Amino acid sequence: MDKLLWKRKSVWEKGDEYRKKAFSVAEEYKKFMDSCKTEREVVEWIKREIERIGFLKDGSEKFYIVNREKCIAVVKLGEGEGMKLIAAHIDSPRIDLKQRPLYEDKDTQLVLLHTHYYGGVKKYQWMNIPLAIHGKVVKKNGEILNINIGEDDDDPLFVIPDLLPHLARKEQYEKKVDEAFSAEKLNPIVGSMPDLSEKEEKVKASVLHLLYEKYGISEEDLASAELELVPAWKSRDTGIDRSFIAAYGQDDRICAFTAFKAFMESNNKKTCMVLLVDKEEIGSDGATGMKSHFFLRPVIEILKRKGEKADMDNIIQFLEKSECLSADVNGAVNPLYKDVHEMDNASYINRGVVLTKYTGHKGKYEASDASAEFLGKLRSIFDQNDVLWQIGELGKVDEGGGGTIAKYIAQWNVEVVDCGPAILSMHSPYEISSKGDLYETFKAYKAFFESE
Ligand code: MN
Ligand code: MN
């Protein structure tokens, strides 16, 4: 009977040596997370690492291609047909500034910023927490300014002011959560000191003067800007045993980090690619999302470097012989909210990397349902490499649902399945992962890159 039953194990059963290794990867990971809070910052970091490691030193077998600073493909050529692809997304839910963000509230004489949230957020989680502004302003003369305010201890922060509990009864408590927190109220305060030389909107005038003095920008320059409010806190060890990491943006930068690390450290036989894309959190649309034809660029480059003709016939054949892990997180069972899961098929923290056969909603609608053959192959690769893995379905049937980039990769007739760690508090400003799952995910990705 014991041999027939499929029992769940914890990563931490692997012993002390294992714990040391997992904890040491976690240190690298936290540094990455603290310097990468936006898609542009991840692409910059990857480029710097490629330089630092000297990845391109030995010639034409290796290359990378960047798409509009928000998307990157890194490739190592190998033998045989097709490639081993690991694709993750590097955008995370956040609060974006509108293109005309600054306004002064007449009654309070406070200046605030209009915002539009990005991706699936529970709005109340973003109020009264320290926020930093990251991003880019393109001035009229073409000059480009990189903005990062709120990360240094000396920097000022931004806070979206919530309502005090004393006065929240009608406005919030008696409403449904979705109605109690309005998107048009996710506005942080930016200033309150008036410019005494002005007649009206004195505070807005003083904020504008300050922006001009510090950055040389006018209100109109903000129209051609991408400014994003992200949590200003750093990643931290969590729990008295330090087995967890709390950090912003682990969906999906935990997969981006482990995929890139596995790629760099793998001894591959076949052609391997790490693809990091933007816009997953808002449906993968746009030139830098997974639906973009940019995906073909590195594929064409691979064919050319292999001395093959990059015509449609070869591209299609190359892709149909390729295999992909759509590297993304799953929602781990939260001990406080177990009701949303069907516990036999849910994914758990500390139980290794998750193979999510399908996502979608209401009868697998809009899911890329991976094949039994591909799952069978991956199972055996993981087992041969001592990778602890589990299966995972996102919540009870009809409870909700979600999607990943898997289906957009599947459109190219690539064999693909979702594969990544299960995390707690997904899409919150402070998501929680296990150091053991982080390490197992890295091991799974490395084994995949090294497989036949
Ligand atoms: Mn994701
Ligand atoms: Mn997500």
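Throughout these legends, buried means under 20% relative accessible area, exposed means over 50%, and partly exposed is anything in between, using a 1.4 Å probe and protein chains only. This is a predicted model: local features need pLDDT of at least 70, side-chain atom pairs count only at pLDDT 80 or more, and totals for chains, interfaces and linings use all residues. Residues are numbered from 1 along each chain as its sequence is written, chains are lettered from A and ligands numbered from 1 in the order in which they are written, and side-chain values use heavy atoms, with hydrogens and water left out.

**View 1. Y18 and Y439 form a tilted aromatic pair.**
Rings of Phe, Tyr and Trp (its six-membered ring) pair if their centres lie within 6.5 Å; planes under 30 degrees apart count as stacked, over 60 as edge-to-face and the rest as tilted. Here the ring centres of Y18 and Y439 are 5.3 Å apart, with 55 degrees between the planes. The pair links distant parts of the chain, with Y18 in helix α1 and Y439 in helix α11 (residues 435-450), 421 residues apart. Helices (H or I, at least four residues) and strands (E, at least two) are DSSP runs, numbered from the N terminus. Y18 counts as buried because its relative accessible area is 8%, and Y439 is likewise buried at 11%. Look around these two rings and you will find one aromatic cluster, made up of W12, Y18, F23, Y439 and F442.

The structure holds 16 aromatic pairs. W6 is exposed, with a relative accessible area of 57%, whereas W389 is buried, at 14%.

**View 2. Two lysines sit over aromatic rings.**
A charge sits over a ring if NZ of Lys or CZ of Arg is within 6 Å of the ring centre and within 35 degrees of the ring normal. The charged end of K261 is placed over F442, 5.2 Å from the centre of its ring. F442 is also a member of the aromatic cluster with W12, Y18, F23 and Y439. Elsewhere, K364 lies over the face of Y358, 3.8 Å from the ring centre.

**View 3. D251 coordinates two manganese ions that are 3.4 Å apart.**
Donors are N, O and S atoms within 2.8 Å of the metal (3.2 Å for Na, K and Ca); water is not among the atoms, so sites may look incomplete. The manganese ion (ligand 1) has H89 (NE2), D251 (OD), D328 (OD) and D328 (OD) as its protein donors, at 2.1 to 2.5 Å. Along the sequence its donor residues follow the spacing H-x161-D-x76-D. H89 is in strand β3 (residues 79-89) and D328 in the loop between β13 (323-326) and β14 (330-331), 239 residues apart. Both H89 and D328 are buried.

**View 4. The manganese ion (ligand 2) is held by D251, E281 and H427.**
The coordinating atoms are D251 (OD), E281 (OE), E281 (OE) and H427 (NE2), at 2.1 to 2.6 Å. The donor residues are spaced D-x29-E-x145-H in sequence. D251 comes from helix α6 (residues 250-265) and H427 from the loop between β18 (422-423) and β19 (431-434), 176 residues apart. D251 is buried, at 3% relative accessibility, and H427 is buried as well, at 17%.

**View 5. I46, L276, F382 and Y445 touch the most other members of the largest nonpolar core, which has 60 residues.**
A nonpolar core is a set of buried Ala, Val, Leu, Ile, Met, Phe, Trp, Tyr and Cys residues joined through side-chain atoms within 4.5 Å. Helix α6 gives the most to this core, with nine residues. Leaving aside residues up to four places away in sequence, L276 touches V42, I46, K70, C71, I72, A88, I90 and A256, where contact means heavy atoms within 4.5 Å. Another core, of 32 residues, lies apart from the largest one and has L102, I147, F158 and A180 among its members.

**View 6. The cysteines form zero disulfides.**
A disulfide is a pair of cysteine sulfur atoms within 2.5 Å. The sulfur of C71 is 13 Å from the closest cysteine sulfur, in C324, so it is too far for a bond. For C272 the closest cysteine sulfur is also in C324, at 12 Å, again too far for a bond. C71 is buried, with a relative accessible area of 1%, and C272 is buried at 0%.
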